[in-house]
Amino acid sequence: MERRPTPRRGEEAHTKAIEQLDEACDRQRDLLARAEAAEGTSGEDHAAAALEHVRHQVAAREAWVVWTERQV
């Protein structure tokens with residue numbers, strides 16, 4: 001089975017991966033602030049769930065960046 005080369009830094013897939021990681025990190029910072037502000041309120045559980053969801057997104061985006069940078 002022939003392995004196809006993966007995208008590299010500066011290529012479109014890598015650039016898109018970095019952009020999406022940056023966006024997910026921005027959302028995570030926002031949701032962290034919201035979760036901290038919601039502590040002790042009726043919205044605490046919802047804020048915590050949203051933060052957990054975005055943390056998974058950040059991890060997935062980080063994995064994609066790594067994949068686009070790995071050597072074949």
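A: Start with what counts as a helix: a DSSP run of H or I, at least four residues long, numbered from the N terminus. In this predicted model, Trp67 sits in such a run, helix α2.

Q: How many helices and strands does the chain have?

A: The chain holds two helices and zero strands. Helix α1 covers residues 12–38, and α2 covers 44–69. Thr15 belongs to α1, His46 belongs to α2, and Arg8 falls in the segment before α1.

Q: How is the arrangement of α1 and α2 read from their packing angle?

A: The angle is taken between N-to-C directions, and a value over 145 degrees counts as roughly antiparallel. Here α1 and α2 pack at about 160 degrees, and their axes are 8 Å apart. Therefore α1 is roughly antiparallel to α2. The crossing of these helices is left-handed.

Q: Which kinds of residue make up the contact of α1 with α2?

A: The residues of that contact divide into 17 nonpolar, five polar and eight charged.

Q: What is the general idea behind a nonpolar core, and which residues form the largest one here?

A: In soluble globular proteins, nonpolar side chains tend to be buried together. In this chain the largest nonpolar core has six residues: Leu31, Ala35, Ala38, Ala47, Leu51 and Val54. Both α1 and α2 contribute, each with at least two residues of this core. Apart from this core lies another, of five residues, including Ala17, Leu21, Val58 and Val65.

Q: Which residues does Leu31 touch, leaving out those up to four places away in sequence?

A: With those left out, Leu31 touches Ala50, Leu51 and Val54.

Q: How is burial read, and what share of the chain is buried?

A: Burial is read from relative accessible area: under 20% is buried, over 50% is exposed, and values in between are partly exposed. Buried residues make up 21% of the 72 residues in the chain.

Q: Are His46, Thr15, Arg8 and Trp67 buried, partly exposed or exposed?

A: His46 counts as exposed because its relative accessibility is 63%. Thr15, at 35%, is partly exposed. Arg8 has a relative accessible area of 23%, so Arg8 is partly exposed. Trp67 is also partly exposed, with 34%.

Q: How can one see which parts of the chain come together in space despite their separation in sequence?

A: One way is to set the separation in sequence beside the C-alpha distance. Arg8 and Trp67 are 59 residues apart along the chain, and their C-alpha atoms are separated by 9.1 Å. Thr15 and Val65 are 50 residues apart in sequence, with 8.8 Å from C-alpha to C-alpha. For His46 and Ala35, the separation is eleven residues along the chain and 8.4 Å between C-alpha atoms.

Q: What does the chain as a whole give for contacts between residues at least 6 apart in sequence?

A: Among those contacts, 76% join residues at least 24 apart.

Methods. Residues numbered from 1 in each chain as written. Predicted model: local features only at pLDDT ≥ 70, side-chain atom pairs only at ≥ 80, totals over all residues. Heavy atoms only, no water. Buried < 20%, exposed > 50% of the residue type's maximum accessible area, 1.4 Å probe, protein only. Core = buried A, V, L, I, M, F, W, Y, C linked by side-chain atoms within 4.5 Å. Contact = heavy atoms within 4.5 Å. Axes fitted to C-alpha atoms, helices over the stretch in contact; angles between N-to-C directions. Parallel < 35°, antiparallel > 145°, perpendicular 65-115°, else oblique. Left-handed = near helix turned anticlockwise from the far one by under 90°. Nonpolar A, V, L, I, M, F, W, Y, C, P; charged D, E, K, R; others polar.
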